[in-house]
Amino acid sequence: MSDEHIIPEALGGKIHSFCVCKECNSKLGSNVDNHLIDHWFAQAFRHQFKLKGYSGKIPNPLLGDGTLADGTRVKTIADTSGVIAVKHIPTKPEISDDGMSFSFSVDAADAKEIDKIKAKMIKRLGIDLSKYQFKEEVKHMVIEKPEVKSSFKIDILNYKIGLLKIAYEFSCERIPEYFESKDAETISTILHDADIAKMKGLCLVSDSFPGVDNHFFEDYIDYGKENRHVLILLNVDGKLYCLVKIGNYFESVVLLANSEFPIAEEAIICINDLDKSTPQSFTLTNLINNAVRSSSLLFKFDDKIAPEVESLLKCGRIGISCNRYNDNIIYNAYGHPVISTQDFLFQSSAIGAYQSSRDDKGNLITTYPLSGSLFYKGMPGDYLIPIAEIIELQEIEKI
């Protein structure tokens, strides 16, 4: 097996896979990766962050042929420092009606070509310079801040096979069971054959989940960073998906399997920053623990709380019962323990039974509503205190 960059190295990829043989690696690079690397947006990304390809050059998607407002053909070029300049494309010589004169124009940088063009035209017209006097007139024209019109073709399909390859290799590397699955075999064949038509027919790569924001865990991940790639593996509605985000230019959801696969703690997350030497990998718990700087819980009690109990709470005469891990216990109306607060928050998060907002300091405020039949227990005294909401306040610094 060879050392394969899951995200192409030309795009700043630093995540490695050792699940691809050397021959397949080479074939994928030339038949699959090229659709992504050579895309206009990928070249714009590489130019923005000065990413050289295998040729050692930094691409610029704005270079190429164009025209000025009067139709004059020009070419945009760049010097070694990347500064763009406009160069006039030599015109085809125009011959006068009597065949005794001709005119043409060249860029000032190509002035050395004038004599060659003249000699070629004199020979073509059969002019005998011993019999005729040759008169030359040179005009210089400078165009300040020329406006160049250019057209570009932007692929809207083929590049997706490059994103499919990224998702496939990432899942094979991080979920060992996936490699032997039937779905993986199907995708492997598509990649091996560079079969874009089949990829499209199976609807494997889409722009988003229906009705769902692609930016999973955006409370903890800074999706606004332009110089980063994000890969996330997760099960949704009984299927395995991978979110592939390449800079701020490409973002797609890849369907990897029509069944779930074991993923520890809901998600496998990998963040590839161009300005870091190695990518960062997280489970969902790791991600939250790294992003949350401080966390506290507030309780909103139901209006049915007895005034004397509320008074005892406010003055600190009673406290809320907890287990040995200092996790407050939630009870039913009969005073029997039902669930710990942390387990309740975890389960509520898993099914989306909460509301999130941010305060003016950027802190995350998550509100978890409870039914009127759940209680905390005030100690001492075994007071049952009806709970309306648990409010979690987190000071977050996004990863």
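These legends describe close-up views of a predicted model. Local features need pLDDT of at least 70, side-chain atom pairs count only at pLDDT 80 or more, and totals for chains, interfaces and linings use all residues. Residues are numbered from 1 along each chain as its sequence is written, and side-chain values use heavy atoms, without hydrogens and water.

**View 1. Aspartate 33 and lysine 165 form a salt bridge.** The N to O distance is 3.0 Å; a salt bridge is a side-chain nitrogen of Lys or Arg within 4 Å of a carboxyl oxygen of Asp or Glu. Aspartate 33 sits in helix α1 (residues 22-37) and lysine 165 in helix α4, 132 residues apart. Helices (H or I, at least four residues) and strands (E, at least two) are DSSP runs, numbered from the N terminus. Aspartate 33 has 8% relative accessible area and is buried. Lysine 165, at 0%, is buried as well. Buried means under 20%, exposed over 50%, partly exposed in between (1.4 Å probe, protein chains only).

**View 2. Aspartate 219 pairs with arginine 358 in a salt bridge.** Their closest N and O atoms are 3.5 Å apart. Aspartate 219 lies in the loop between β8 (205-206) and β9 (228-236), arginine 358 in strand β18 (residues 355-358), so the pair ties together parts 139 residues apart in sequence. Aspartate 219 is partly exposed at 24%. Arginine 358 is partly exposed at 36%.

View 3. Lysine 314 is exposed at 68%, while glutamate 310 is partly exposed at 32%.
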